[in-house]
Amino acid sequence: MTKMEVKSSLLDNMIGVGDMVLLEPLNEETFIGNLKKRFDHNEIYTYIGSVVISVNPYRSLPIYSPEKVEDYRNRNFYELSPHIFALSDEAYRSLRDQDKDQCILITGESGAGKTEASKLVMSYVAAVCGKGAEVNEVKEQLLQSNPVLEAFGNAKTVRNDNSSRFGKYMDIEFDFKGDPLGGVISNYLLEKSRVVKQPRGERNFHVFYQLLSGASEELLQKLKLERDFSRYNYLSLDSAKVNGVDDAANFRTVRNAMQIVGFMDHETESVLEVVAAVLKLGNIEFKPESRVNGLDESKIKDKNELKEICELTSIDQLVLERAFSFRTVEAKQEKVSTTLNVAQAYYARDALAKNLYSRLFSWLVNRINESIKAQTKVRKKVMGVLDIYGFEIFEDNSFEQFIINYCNEKLQQIFIELTLKEEQEEYIREDIEWTHIDYFNNAIICDLIENNTNGILAMLDEECLRPGTVTDETFLEKLNQVCATHQHFESRMSKCSRFLNDTTLPHSCFRIQHYAGKVLYQVEGFVDKNNDLLYRDLSQAMWKAGHALIKSLFPEGNPAKVNLKRPPTAGSQFKASVATLMKNLQTKNPNYIRCIKPNDKKAAHIFNESLVCHQIRYLGLLENVRVRRAGYAFRQAYEPCLERYKMLCKQTWPHWKGPARSGVEVLFNELEIPMEEYSFGRSKIFIRNPRTLFQLEDIRKQRLEDLATLIQKIYRGWKCRTHFLLMKKSQVVIAAWCRRYAQQKRYQKIKSSALVIQSYIRGWKARKLLRELKHQKRCKEAATTIAAYWHGTQVRREYRKFFRANAGKKIYEFTLQRIVQKYFLEMKNKMPSLSPIDKNWPPRPYLFLDATHKELKRIFHLWRCKKYRDQFTDQQRLIYEEKLEASELFKDKKALYPSSVGQPFQGAYLEINKNPKYKKLKDAIEEKIIIAEVVNKINRANGKSTSRIFLLTNNNLLLADQKSGQIKSEVPLVDVTKVSMSSQNDGFFAVHLKEGSEAAGKGDFLFSSDHLIEMATKLYRTTLSQTNQKLNIEISDEFLVQFRQDKVCVKFIQGTQKNGSVPTCKRKNNRLLEVAVP
């Protein structure tokens, strides 16, 4: 940054307090008040040290433009006002420049804007990292994975129209330059129970509504679906349509995103078929039936839906129907098959739908990972983005809320640990004494849930695996026995006396004191949801499907790989996933975004203080501030600190020439700030109390006002002095111009007077001279006139005797000259048009001009012909030359010639280059084709005709079969000696070949063509250009041709043509061939 560039700061133009660490006094009321004040002024981001608090505005704000990206690019974290881009830039630069793996943890409750925050982080990183075709493709794939996962993993809830119903952690991998190479996505606990049942006012997953709204009629018919939502039991109807959401457009977006990510067309089709099968599973209904042995069983009411599902998935209908009606239990070598009653059948149907959808979602995540994974094996830097559900406290909290809140407990634990660790590392790095910080450690709550011996999850797994009758009530009894004395566990049956009179606890519930507050859990459904059982019959039925994707989703259904071991429970799987996540996060440098929802109405400009207060408590934000402020509330590098406050000390203002730390020490000593209020680190100054910072800001503000007054005073003095000097200079200039103007006026007046006097004098002199000149002129003219008359008299008197002898000749010549002149002037205006075919010519006016008139006509015609020829292109010139050649050859000789004059010579009547039928013929000919025409070849023996393709090239004459394109004969032009034809109106002609040549083995050729004149002309010109010899064109009604060893006379007689325009030929004997022409 240059010295002249103005630096902004977090403290400049601050609305409220930009960093909560500086808030005074610090309590819940001031914390919420500061958030509200900033929210009302569209400042939705606030810091707690390096943590970003984001309040959802529920509307679009102009703070994410490309200009904003450039503002925060490569800037210090506290240099500008709080923004999510500042945290993203800090994380990206730490990864790129310091080689530190980063993770960005985004937490908050549903509707707080976590998903949008993760999109903003990814879009910022995509904007600031490198460019290039491959890099842009990777960035586009990473960004386009979001719409796909949102369609299949997000749903509309009462709190959020686009609520993520799964946890997502994405590792974005970078190379040493900071360019993205790929990524890996991990998903946690998809809320698959939503597939079969949704709370009132909520929707199923987006993809179901997008498919029915946006798919074409053809696709819906192929998937055996209808557009009406009410046709499907798994779709809630009270909130099927969401205001401001276009499901049809979103479906097109998802299809396009899948294509960009790398899904093949058949993969996308398979995914949609599975989605359609899940939808139709909900329409299968059962009816009870009683068997002979008294047992209840179930039957499918309408098998049409089952049939369509089987057609979609390629499953044998009988196999799937039996799987819905029976359950097979295997133990060692025994198999026991039992019937399912109606309730059990509905359970099996819903379990299949949930498992099918959740496994499809996991497959989608794995498939996206295959596409976006880094293709190189070089060492990678990693930035993780965690978008996971926030702490949930509903009226009815079940197993899902218990698992989610357990995950948030672990995240809070790692948040406190990493925050303290980061704070302690900075103190050690800056050589500042570390003081112990008291804080609430929620490890005791995590232990209550995850302890392998007596934790709630361990006891739930133990209860699920226990033989005998297992219910939710037995699980609660076990919890009461083991956890009764735990200080964070409460229940109605607890043995601890302080809870015996707590009537707010129902009998079927237990309560846990989480770090965010107390949560009451309904124990009903814990055992079933933890078991998450899918009957083996259904797994095997799915494995038998002909649908490749469905078969791959159920590998345990393979009879060859039957595993009698009980699958791991949902709780134990999630616990292992969370442990892996925590281990992964601890290896990275953390960055936190805490998202807050301002109201439950999803409306802009509404800030519900009680709702925000609840979120502040369970996010532990006040505790975070206290941890941050436990040592030093504010720290800043020496250079920006000195730059900001140097005007407060005369020794440092305006420029300090020594080290920045020395300047800060001089500054603080001059201001007499108590030593206990600050400490000097290696590169930063640490200020203990925010009041000290605000005192500095107040002094700076007053000093800036004083400096502003001084600057104003100096500026005003300079401005007035400059104005005075300008006025003085202007006065001198104006006076000079006034004097100049007065002198100019006086000069002009004198000059005009002098000019008037001069003009009068000059006028008098000129008039006097004019009178003298006129007198001289009259005298001279009079003398000249008298002399002329005298000389004329003398000449007439001398030549009078010769005048009568020569007068007639002179008059004749003059008259003739005048007539010729008039003739040419009239011809100029009567000239005909420039068209060479215009035969008009003005009539001859005088008989003696007859020869001249004819010569002029001839010269004019030659001239306009030349003008007409000059307009020709090379191609037109060639055509007219051929026409002229044809005229010389056939005019007044061949009766067919006049009809050919108006027909243009095209040559290539068969488009051999374009017609695929003649590809073989085209490949066989390497020369330029001059003529390509179908002719009738006359058989020498019987006079019958056969269609052949007549080809003329620069050097050869070729005949080819019209159907196959195979070349039958090839005659070099040097072997053609003559062309014979009749004088009649027919197209018959003979091509004579040189005797003894290879082509003349069978004799001369006889042809009939509709373009005889053109073919003969082109053959004549081509032969002349190649051999420099004129081809003999014989026009006679009787001529001889050579057939093998015999000479045959071809004679033309009057007759009728039987085959259209083809002349009728008849062989009379070995010496005569008659051709009948009309």
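Q: Why does Asn74 count as partly exposed?
A: Asn74 has a relative accessibility of 46%. Buried means under 20% relative accessible area, exposed means over 50%, and partly exposed is in between (1.4 Å probe, protein chains only). The value for Asn74 falls in between, so Asn74 is partly exposed.

Q: What kind of model is this?
A: It is a predicted model, in which local features need pLDDT of at least 70 and side-chain atom pairs count only at pLDDT 80 or more, while totals for chains, interfaces and linings use all residues. Residues are numbered from 1 along each chain as its sequence is written, and side-chain values use heavy atoms, with hydrogens and water left out.

Q: Where does Asn74 lie, and what is its phi?
A: You will find Asn74 in the loop between helix H2 (66-72) and helix H3 (84-98). Helices here are DSSP runs of H or I with at least four residues, numbered from the N terminus. Asn74 is not a glycine, yet its phi is positive, about 55 degrees. Most residues other than glycine have a negative phi.

Q: Why is Ser314 called partly exposed?
A: Ser314 has 43% relative accessibility, which puts it in the partly exposed class. Ser314 sits in the loop between helix H10 (303-313) and H11. Although it is not a glycine, Ser314 has a positive phi of about 60 degrees.

Q: How do you know whether Thr1023 is buried or exposed?
A: Check its relative accessible area: at 3%, Thr1023 is buried. Thr1023 belongs to helix H31 (residues 1012-1027). If you leave aside its neighbours within four places in sequence, Thr1023 is in contact with Leu973, Asn1028, Gln1029 and Leu1031. Contact means heavy atoms within 4.5 Å.

Q: How do you know whether Arg797 is buried or exposed?
A: Its relative accessible area is 56%, so Arg797 is exposed. Arg797 is part of helix H25 (residues 690-799). Between the C-alpha atoms of Arg797 and Leu505 there are 164 Å, and the two are 292 residues apart along the chain.

Q: What makes Phe860 and Trp863 an aromatic pair, and a tilted one?
A: The ring centres of Phe860 and Trp863 are 5.9 Å apart, with 40 degrees between the planes. Rings of Phe, Tyr and Trp (its six-membered ring) pair if their centres lie within 6.5 Å; planes under 30 degrees apart count as stacked, over 60 as edge-to-face and the rest as tilted. The distance meets the pairing limit and the angle is in the remaining range, so Phe860 and Trp863 form a tilted pair. Phe860 and Trp863 are 3 residues apart in helix H27 (residues 850-870), which means about one helical turn separates them. Phe860 is buried at 10% relative accessible area, whereas Trp863 is partly exposed at 42%.

Q: Which residues do ring pairs link into a cluster?
A: The cluster consists of Phe399, Phe402, Phe475, Phe489, Phe510, Tyr521 and Phe526. The structure holds 30 aromatic pairs.

Q: Why are helix H11 and helix H18 called roughly antiparallel?
A: The axes of H11 (residues 317-325) and H18 (residues 536-543) cross at roughly 165 degrees and come within 8 Å. Axes are lines fitted to C-alpha atoms, for helices over the stretch in contact, and angles run from 0 to 180 degrees between N-to-C directions. Under 35 degrees counts as roughly parallel, over 145 as roughly antiparallel, 65 to 115 as roughly perpendicular and the rest as oblique. The angle is over 145, so H11 and H18 are roughly antiparallel. Val319, Leu320, Ala323 and Phe324 of H11 make the contact with Asp537, Leu538, Ala541 and Met542 of H18.

Q: Why are H5 and H6 called roughly perpendicular?
A: H5 and H6 (residues 206-214) pack at about 100 degrees, with their axes 5 Å apart. That angle lies within 65 to 115, so H5 and H6 are roughly perpendicular. Here Glu150, Ala151 and Phe152 in H5 meet His206, Val207 and Gln210 in H6.

Terms used: Helices (H or I, at least four residues) and strands (E, at least two) are DSSP runs, numbered from the N terminus.
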